[in-house]
Amino acid sequence: MENILELFQISKSFPGVQALKNVDFFLRKGEIHALVGENGAGKSTLVKIIMGVHQPDSGRIVLEGKEIKIHDPNHARSLGISAIHQELAVFPDLTVLENLFIGWQPGKFGFVDWKKMKEMAEKKMKEVGINLPLEEEVGNLSTAQQELVQILRALLQNSRIIIMDEPTASLTADETKILFSTIRRLKNHGVSVIYISHRLEEVFEIADNVTILRDGVKVLDKAVKDITPSELIENMIGRKLETYYPPKRIKPGEVMLEVRGISFNRVLRNISFKAHKGEILGISGLLGSGRSTLAKIIFGILKPDSGTIYLEGKEVKINDPMKASMLGIAYIPEDRHRQGLILPETVRFNISLPNLPVIPRKVLVDVAREKELSQEMVQKLDIRTPSVEFLTMNLSGGNQQKVVLAKWILRNSKVLIMDEPTQGIDVGAKNAIYHFMVNLAEQGRTIIFISSELPELLGMCDRILVMRKGEIVGEFNREEFSEDRILTLAAGFAEKEAVGGAGR
Amino acid sequence: MKLRKELVLLLVLVLVFVVMSFLSKEFLRVSNLLEALRYAVEIGIMAVPMTMVIVTAGIDLSVASNLALSSILMGIIWKYMGINIWIAGIMASILGAGAGALNGILITKLNIPPIVVTLATMAAYRGIATGLSRGRGITGFPESFQNFGQGSLGGLVPYSIFIWIVIAIIGHIILSKSKFGRYVFAIGHNEVGALYSTVPVARVKFILYTLSGLMAGLSGMIYSARIGASKSNAFMGGELEVITAVVLGGTSITGGEGNILGSTLGVLIITFLKNGLNLARIPHSIQSVIVGIVLVIAIISYTKLGVKTFKEGK
Amino acid sequence: MKLGREFTLLLVLVVLIAFVQIVHPGFLSFRTIHVILENSAVMLLSAIGTTLVIISGQIDLSIGSVLAVCAITSAQLALHNVPLALLFLWSIGLGAGLGAINGLVTVLFKVPAMIVTLAAMAIWRGFILWWTGGYWVTDLPDYWKALGSTRIFNFTLPIWIAFSIAVLMIFLVRKIRFFRYVYAIGSNRKAAKLLGISEGKVTFLVLTLNGALAGFSALLSASRFFIIPSNIGTGLELSAIAAVVIGGTNIMGGRGKIEGTILGVLLMTTISSSLVFLHIESVWDDAFKGMIILLAIISDVLRARRKSEARL
């Protein structure tokens, strides 16, 4: 099979960071090609170049044999390259049919030809085997269906290359299965898919080939059937698992937090577990929103339908985040920009916001003390900022995350729930975060570490809980850690299928 | 500079003074300036909570109607229930707070956008005021009461101004220096982020709308003292006057930015502008045009001032 | 249920009419119905324009003042016997022009339309008050009144014109690409940008259109009277927003139907007439309207709770 897309020696740098260096990337027709790498490895940049969002500093792009430049996303689309995002590119108030054609509706003189649109849509749906309710408002569809809408739209625009960036993050296991069978059907139609995911189990299930990036450089490009999970992980992080993550010198002690019988809506079912002082407890699994939902419940953002929470043996009712923080519970959220920070405000403002009830002086804020404390935090966490009066929106991702962490360290939190804490930050900052986590645990605090990146869970945690479909389906102690077992459990395969390279 | 906007406003105020003094020699008379302020008191007082409400990216369109309703209620309580006018006024202010609290509940518990809730209560409260008073005014308030609204300390400084000054100062301290004020700004920038940083979002918003109602009620009392009557058509269009002053003062309608000092300067600019134009015998209609133009120029310049790297400026 | 909002509104309307008819037979007379339709016709086009503006995610507070400027200047032209057709062109054109100014300032300076139109409202209202010196335009020629009093099948012209255009709009909004873009930018600004839809262009055009519709409404409204008060149109923008909200359009943008607005307008005018018949003094008009709006939005919210939690 020939290559439909070839990238030769692509380099790209941004102020302060070399995002990509001489990267080659080859995509065949009808191939499902996974692109993996740690946060900050350059996957996002590479894909944005293919989408026309960025221009490479050097290197060549060859599409179907012809060398080209991709000027902007519209141009990329006209060349047959589309991308699907999770929620970004759909209009929730408009129908599926309208979403498929918005911006390029067939029709003359400014009129919209609904009949033609319906015909085209139905024809394509039959062709590809996707079934969507055309008259339904997209906002009423599940995230999975919304992604299918985007895929269908890409196909209707005759895309030959579809880029999918973490498409399963909010999907249930069943929806993921449907997505995968759709992707396989795309393959049969000669459409190529670039599949970016942290979920290594998915890479093994769906991809034909995988390209691994690390620190902006391509390290490996191999057929999935020829690689093992450990080989994959080691190439991603550049060394053996054991040496990359800081070691923790203490063992977990007594129970700090206990959750019993928590259920919520249809998202969580009877969740029970214990977390100990000095422990880093990992939570892994396909169900992204299930894990975050659990965190939100413990932090008081959501109220569970049933279940109880105990802190140091005593039952507690957590009504809102204010109560949670008073009890010593902290949450470092998944969505750093929307949930984690007040971006248009200063570092000082952000660090002090949840701490205002405890910075002395009752009604008026003690600004001097505030400055002092936040400067302390900046130093302690090595936050690269000109001063505490700098606006957080101008900080890099890694430093922003440190500010988020600083808030709760200042609060002296006993239980810190960290939800995808290293998402979207560079390698140096990641390492720093790992060190903080270990430090905090060594101080006797409890860290609950939610992550989709298996390597970091394996490297950092004392125990890992695996969640699937709203339930805890497995628990591994450090001695029992095995990438293969965790992968298969998370993906829902039967135990016996587990072998390096997980079954198909 | 942190005070950049306020400095500009101060300059504008000075400019207004300069221009107005050319238009009429009466303008710069101290007695005129102080009397002009009398008419600004109600707007000035209501602008204080309105500033905070708008900083949270909300809005309260019901303030003028609330004022009217409180004014009528006070009149009714005094006249038909025989209660002392001052006590009646306080009761009515509390009822005004209740009206504001109703706004607050609908906004926080039912999550209805503030513009919609206060649009409805704007109509409802005005309507109830009209209905209760049967379109007629209530007059004949005791002298001491009217003296409070129409008289001046030392024959020069209107009594009601002091209330405004106190409220403005307290409001300023709360918004810019207290924990509560921080919460207000956080909510305006990013309500979700604020919640995750333990800000009691619903409680803060509820308090703000209740305060807005309280101030409207209080203003109703002052208004009636000033006019000598309670009328259901009091302050028609007043909500937009308050909002104009607040926006002119640099508060962003999209939330996250604003301060009481700016709003107060906004009120002053509009007040003296109108006063000066009045003295120059320029008709109300043109005054309205000029205020509108000033507002447009202000908002255009504010967006030009744009986003800064440091809170204080570049 | 697919029928949803419009069905509920129709139901409420029917129930209300039935109720009043029972309490006060004679309500359901031709006269009453005509009054209701006429009052609706006057507000209808402005309400439709407002619907589109709100769907696009903005608010226009200036239409009352724009209507005043258009109505009064047109009336003054009529005093000089300018032909009706030209008057229409003038009124609509002027309205469009004023709307375009709103649009330009909003788009070029990236200021929320609500504030721009707040200023515009003061400016145009002040201007027209100064222009007329507070005087009302009187002694209008016969052909002016003819517009407002000519009857076809016993219904006055403005009713026919307004409702036909309203029905036409239902169709156009469905079929014309521009209007689909209005929904798109209201529904998801970022996605619209990603797909190459120009938010600036759409916002500018929708504000211009709103102005034009206000200009149109001005003639339909003013033509009913022999004299034009200088404060005509005051409060129009808020009544329009109320009708639009009752009609089911979401104030945050992205969703709403012309059909809903039409029913919203009808409901509000019917309530006004009902209050008269029920001998409830007109002083209670606004109170009722306010409460109806509240009920409408509360019921909206109770039906749409699903999305709020996901947003956290």
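User: Which residues point the other way from S3(A), where A:Ile32, A:Ala34 and A:Val36 point one way?
Analyst: This is a predicted model, in which local features need pLDDT of at least 70, side-chain atom pairs count only at pLDDT 80 or more, and totals for chains, interfaces and linings use all residues. Residues are numbered from 1 along each chain as its sequence is written, and chains are lettered from A and ligands numbered from 1 in the order in which they are written. Strands (E, at least two residues) and helices (H or I, at least four) are DSSP runs numbered from the N terminus. The residues on the other side of S3(A) are A:His33 and A:Leu35.

User: Which residue of S9(A) is the bridge partner of A:Leu35?
Analyst: Strands pair if DSSP finds at least two bridges between them. S3(A) runs parallel to S8(A), residues 192–196, over four bridges, and A:Leu35 has A:Ile196 as its partner there. S3(A) also pairs in the parallel sense with S9(A), residues 209–214, over four bridges. In S9(A), the partner of A:Leu35 is A:Thr211.

User: Which element supplies the largest share of the side of chain C that touches chain A?
Analyst: Counting contacts as C-beta atoms, placed from the backbone, within 7 Å, 19 residues of chain C meet 19 of chain A. Helices H8 (177–187) and H9 (189–194) of chain C each supply at least two residues of that side. The largest share, six residues, comes from H8(C).

Terms used: Contact = placed C-beta atoms within 7 Å. Buried ≥ 20, exposed ≤ 12 C-beta atoms within 10 Å, placed from the backbone.
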